[in-house]
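Hello,

Here is the structure I said I would pass on. My notes on it follow below.

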Amino acid sequence: MASEGSMTTAQGTIKLVIVDGRGQARGYVRNPQADAPLNAQGKFDVRAIVGEGTFFVTYESGFDIGLYREPYRGSVPLVSGEIAEDFAYYLAKSEQIPSAVMLGVLVRARENGDHFIEAAGGIMIQIMPGADEQTVRAIESSVGRTPHTTTMIRHGARPIDLLQTALGDVPFQVLEERAVEFACTCSHARALALISAMNAEEIRAMLEEDRGAVMTCHFCNATYHVKEAELEGVLRRVEEEAAATKRGE
Ligand SMILES: [Zn+2]
């Protein structure tokens, strides 16, 4: 994807999913205990877990080269609950880009009942303005014959192999390759910034009750311990700012 983006869906038993990606991806669900029986095909039932809601997409671009532009935001109602179908619907509806999106996650159970992800991945093909009809039809037909992405990944397919299969005879050129990995942007400084956004009373309560603060990142479960002295420093700054606002500075 050329620009940076994030997407969110809501409701269902999962309550909320946030994913942001710039090659580095992270996400969390508000209800990690959400569960559903396997669907009729014996597969993990994403649809049942996601439920109804809205699919929000935010694109931010230019930060890496020091530019700031208003992020582009779009949303559509969830029509499927399967992320790939909803994303394709969003692209067609909100951005008027005909797209094929194929995503898959293969969840397996261990003997002890734990689950693990054996394969996950996806392909997105977008039709650029001015593409000729014949190419579009060729892509549609080869996409239709493409096996499930997780089946291919499980058999060792690399991203380029997935594309090759999905595009069939349509030639393509690799312009850029970037690794995709799980990474979180949280830090001790960010935890402090979050506390700074609270009002003085709330911070005072944290000091009195807990003599500090412990914050856990929803994305990666990292825990940040904010010590009493640090919290007092934050409180002083918040109080100074509130006083300055009151004086009309
Ligand atoms: Zn984190």
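Findings

Of the 249 residues of the chain, 14% are buried, meaning that 20 or more other C-beta atoms, placed from the backbone, lie within 10 Å of the residue's own. The model is predicted: local features need pLDDT of at least 70 and side-chain atom pairs count only at pLDDT 80 or more, while totals for chains, interfaces and linings use all residues. Residues are numbered from 1 along each chain as its sequence is written.

The chain has eight helices and ten strands, taken as DSSP runs (H or I of at least four residues for helices, E of at least two for strands) and numbered from the N terminus.

The largest nonpolar core contains 14 residues. A core here is a set of buried Ala, Val, Leu, Ile, Met, Phe, Trp, Tyr and Cys residues joined through C-beta atoms within 7 Å. Two or more residues each come from α1 (46-50), α2 (83-94) and β6 (99-109), and α2 gives the most, with five. Met102 is among the residues with the most contacts inside this core. Leaving aside residues up to four places away in sequence, Met102 touches Ala84, Gly122, Ile123, Thr146, Thr149 and Ala166 (contact: C-beta atoms, placed from the backbone, within 7 Å). Another core, of nine residues, lies apart from the largest one and includes Ile195 and Leu231.

Strands β9 (residues 213-216) and β10 (residues 223-226) pair antiparallel over four bridges; pairing requires at least two DSSP bridges. Ala213 has Val226 in β10 as its bridge partner. Six residues lie between the strands of this hairpin, where Asn221 has a positive phi near 70°.

Regards

Definitions and conventions
A residue is buried if 20 or more other C-beta atoms lie within 10 Å of its own, exposed if 12 or fewer, and partly exposed in between; C-beta atoms are placed from the backbone. Two residues are in contact if their C-beta atoms, placed from the backbone, lie within 7 Å.
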